[in-house]
Amino acid sequence: AYVFLPASGNTLVYSNASKNNGKGLDIFRVIKDQKGLWMFPEMLSEVINSIGDEAFPVIVNEGKTLYFSSKGSRSTGGYDIFRSDLDLSTSTWSEPVPMGPPINSPGDDFYYVPSVDNKFAYFSSNRESAAGKCDVYKVSIINETRNFIAISGFFNCKSGLELSEAKVT
């Protein structure tokens with residue numbers, strides 16, 4: 001099992017073998033009640049837990065933001081890191097959003113832990129590591145809105161033009 005208990009200590013998250021027909025690892029949450037007693041574990045909803053493995057959970061923002069890694073169909077390769085936010089009014093988790101590059105890579109990326117001031121984060125990855133090893137990376141968090149556009153189509157090369165010389169602006 002992979003366990004994470006934040007400094008506030010009121011919500012613990014962990015991943016463990018699923019109780020649903022052996023579908024792999026799933027993420028569970030345990031909440032401390034007002035008397036300081038731990039409640040029974042609850043498996044997070046299917047919005048978080050897919051058919052693939054979900055593991056390496058980290059919960060921050062007083063239990064309202066969950067970072068986790070998934071090998072499910074929404075992953076682009078190995079474990080990818082996702083973020084989901086808890087809507088307190090409905091007690092539901094938002095659709096997980098992938099962290100995207102440069103955090104997610106074709107390798108396994110996991111244990112994304114933002115700093116308390118949310119200016120940087122640490123995560124682990126085996127993207128450039130020897131087999132069976134991983135490295136810890138530190139990234140700056142930039143809070144700005146960026147608009148992207150997707151371009152879909154075909155690229156036709158003139159004779160003698162190398163694809164590495166092609167540019168889309």
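Buried means under 20% relative accessible area, exposed means over 50%, and partly exposed lies in between (1.4 Å probe, protein chains only). This is a predicted model: local features need pLDDT of at least 70, side-chain atom pairs count only at pLDDT 80 or more, and totals for chains, interfaces and linings use all residues. Residues are numbered from 1 along each chain as its sequence is written, and side-chain values use heavy atoms, with hydrogens and water left out.

**Aromatic pairs**

The structure holds 10 aromatic pairs. Rings of Phe, Tyr and Trp (its six-membered ring) pair if their centres lie within 6.5 Å; planes under 30 degrees apart count as stacked, over 60 as edge-to-face and the rest as tilted. Two of the pairs are set out here.

| Pair | Type | Centre to centre | Angle between planes |
|---|---|---|---|
| Phenylalanine 56 and tyrosine 111 | edge-to-face | 5.1 Å | 70 degrees |
| Phenylalanine 68 and phenylalanine 82 | stacked | 5.8 Å | 20 degrees |

Phenylalanine 56 lies in strand β5 (residues 54-60) and tyrosine 111 in strand β10 (residues 109-114), so the pair ties together parts that are 55 residues apart in sequence. Strands (E, at least two residues) are DSSP runs, numbered from the N terminus. Phenylalanine 56 is buried, at 9% relative accessible area. Tyrosine 111 is partly exposed, at 27% relative accessibility.

Phenylalanine 68 is buried, with 1% relative accessibility. Phenylalanine 82 is buried too, with a relative accessible area of 1%.

**Charges over rings**

A charge sits over a ring if NZ of Lys or CZ of Arg is within 6 Å of the ring centre and within 35 degrees of the ring normal. The charged end of arginine 127 sits over the ring of tyrosine 137, 5.1 Å from its centre. Lysine 138 lies over the face of phenylalanine 120, 4.3 Å from the ring centre.

**An open sheet**

Four strands form an open sheet in the order β1-β2-β3-β4, with antiparallel pairing. β1 (2-4) and β4 (42-43) stand at the edges with a single partner strand each, so one side of each has no neighbour in the sheet. Strands pair if DSSP finds at least two bridges between them. β1 and β2 (residues 11-17) run antiparallel and are joined by three bridges. Phenylalanine 4 stands opposite valine 13 in β2.
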